[in-house]
Amino acid sequence: MARKAAVGISDFRKLIEGDYFYVDKTNFIKDWWENGDEVTLVNRPRRFGKTLALKMVEQFFSITAPNKGLFKNLAIWRDETYRKLQGSYPVVFFSLSLVKEPSFAAARKKICLLLTNLYSQNRFLMKEGFLEGEDALFFQRVSIGMDDVDASMALYQLSGFLSRYYQKKVLILFDEYDTPMHEAYSYGYWEEWLAFIRNLFGATFKDNPYLERALLTGITRVSKESLFSDFNNLEVVSATSKKYEAAFGFTEQEVFAALEEFGLQGEAEEVKLWYDGFRFGDASHIYNPWSVVKFLSEKEFAPYWANTSSNKLAGELIRKGSTRIKCMMEDLLNGKEIKVPLKEDIVFDQLGQDDDSIWSLLLASGYLKTMAVYTESRKKEYALMLTNAESIQVFEDMALGWFSFEKQNYNGFVNAMLKHQLEEMNLYMNRVACQTFSSFDSGRRPSEEAEPERFYHGFVLGLLVELAGRYVVTSNRESGFGRYDVMLEPCSVKDDGIILEFKVHNKQKEKNLEDTAKSAIRQILDRKYEALLEAKGVCREKIRVYGFAFEGKRVFIDGGFLRIY
């Protein structure tokens, strides 16, 4: 009889005692311990079992929870050495998963509250009279209102108290260390947050004489220079590292065994399409564990993992990204590879400034997978693709979401364009442009000339999703004697090919928007942008051309069938 597939349980004890579906990952304990690294940071995408792994480590080593019964039927228990090691260390577990505040003051207050709760769990140190003098005074000062010095020293001091009490050094398990960093960047308090958290990390993990081992988890690998400066004891296990390759996520063998247990063997290929595609070190075909367990429970295919997050930071960076970024997103959504330089370290204060930094974030977050690595002149380039059907769904929803507040008008424009209803195209496009221009700016007061370009490239990504299966939508590609702005290549001979050209009104050259639109059409004709469509078998009589003229948030569209020009 199949075990119950329970979703979202990160408490190891509850999972085992409840006899819920669980893939045995306890050998991670042995691998981690035998590697001997003092401070280990493991980066994996969200919902990949990081919290469960830390809870497993806590339950195994904790001196206050002799949990031999939890492990007796699991791989780690086959090794006599580890049976003796179980329950032999004081453990401090701390998580920043709840720190998602819109301001630094609120984030700092939340951390102080979490530290206060941690001290409350260890109040026996005060009740038994173990702490005296300055130690007792420090313990009492730990509160929501404590100052920065006490907050930064709280984990260091607690590890000292526990180490002296148990006469053993302490294990510190730190979960979701980077969750607040994404919020700090998005809400604009990155520098304040960095100064605060760097002091806490430095005191806790660098030269802490009470520390035996520390294990941190997170999604992104924040640059050592910005956060872990001067750390000489940090081992970073990123997506390309060979350590712990199969400790997070499910291998294909584990997935197929689970499908057999639940009588779902016939769904293996579809499960692979939806949830496979992750790669850690040399281990390929790693499956998303959250979605696999959800599928075992629901027995329906859906973007379960994609629906557990707002994808706020990734969406913001793409939305505000350059023309190049949006063109590369078009390639990804069209199932193509992109080749980019890649740094695994995320330098948050460079996000939005360095175009290629976004790919590191998307790879670490699990949205992209590495297909190949190329080395040329000592520089590495990575071939990347969207990971699987779930990732594709994320970015399609993201593109359409940019127009969600004007969805009716956006859809109205698309329908009018398909039917060649020029008056309606103008009506709907002016409504859409008025509402959405600011959504595609760079956040740095772009010029009026740059705004339409950012707008239409976001608009193209929306078209790509809206017209999927009916058109292949591309932008800024070569055809004829130049590079067109937007091309819609029909998938059926029944549909017209469409070329769009965008121009900002030049008051010195054109009297009005109508003249600007005509100038855009002339550019299409003069540079023979239709050549690519004709080369792909679209006859000239089935090609339409449109010129879009912009002035501020006003748009005017002119155009029609190529044969009339």
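This is a predicted model: local features need pLDDT of at least 70, side-chain atom pairs count only at pLDDT 80 or more; totals for chains, interfaces and linings use all residues.

**Cysteines.** I went for disulfides to begin with, and the structure holds zero of them, a disulfide being a pair of cysteine sulfur atoms within 2.5 Å. Cys-327 is in no disulfide, and its nearest cysteine sulfur, on Cys-491, sits 19 Å away. I then checked burial, where buried means under 20% relative accessible area, exposed over 50%, and partly exposed in between (1.4 Å probe, protein chains only). Cys-327 comes out buried at 9% relative accessibility. Cys-112 is buried too, at 0%.

**Ground rules.** Residues are numbered from 1 along each chain as its sequence is written, and side-chain values use heavy atoms, with hydrogens and water left out.

**Helix 16.** I looked up residues 323–333, which form helix 16; helices here are DSSP runs (H or I, at least four residues), numbered from the N terminus. Ten of its eleven residues are buried, among them Lys-326, Glu-330 and Asp-331. Just after helix 16, Gly-335 takes a positive phi of about 80°.

**Ser-159.** Buried or exposed, I asked of Ser-159? Ser-159 is buried, because its relative accessible area is 0%. Its place is in helix 9 (residues 148–166). Leaving out residues up to four places away in sequence, Ser-159 touches Val-170, Ile-172, Asn-208 and Tyr-210, where contact means heavy atoms within 4.5 Å. With Asn-208 there is a side-chain to side-chain polar contact of 3.2 Å. For that I take a pair of N or O atoms within 3.5 Å; within protein, one must be able to donate a hydrogen and the other to accept it, and residues adjacent in sequence count only if both atoms are side-chain atoms. A polar atom of the Ser-159 side chain also lies 2.6 Å from the backbone oxygen of Tyr-156. Glu-212 is 53 residues from Ser-159 in sequence, yet their C-alpha atoms are 9.9 Å apart.

**Helices 10 and 15.** At what angle do the axes of helix 10 and helix 15 cross? I got roughly 35°, with the axes of helix 10 (residues 179–187) and helix 15 (residues 312–319) coming within 10 Å. Axes are lines fitted to C-alpha atoms over the stretch in contact, with angles from 0 to 180 degrees between N-to-C directions. On the helix 10 side the contact includes His-182 and Tyr-185, and on the helix 15 side Lys-312 and Leu-317.

Technical notes:
Helices (H or I, at least four residues) and strands (E, at least two) are DSSP runs, numbered from the N terminus.
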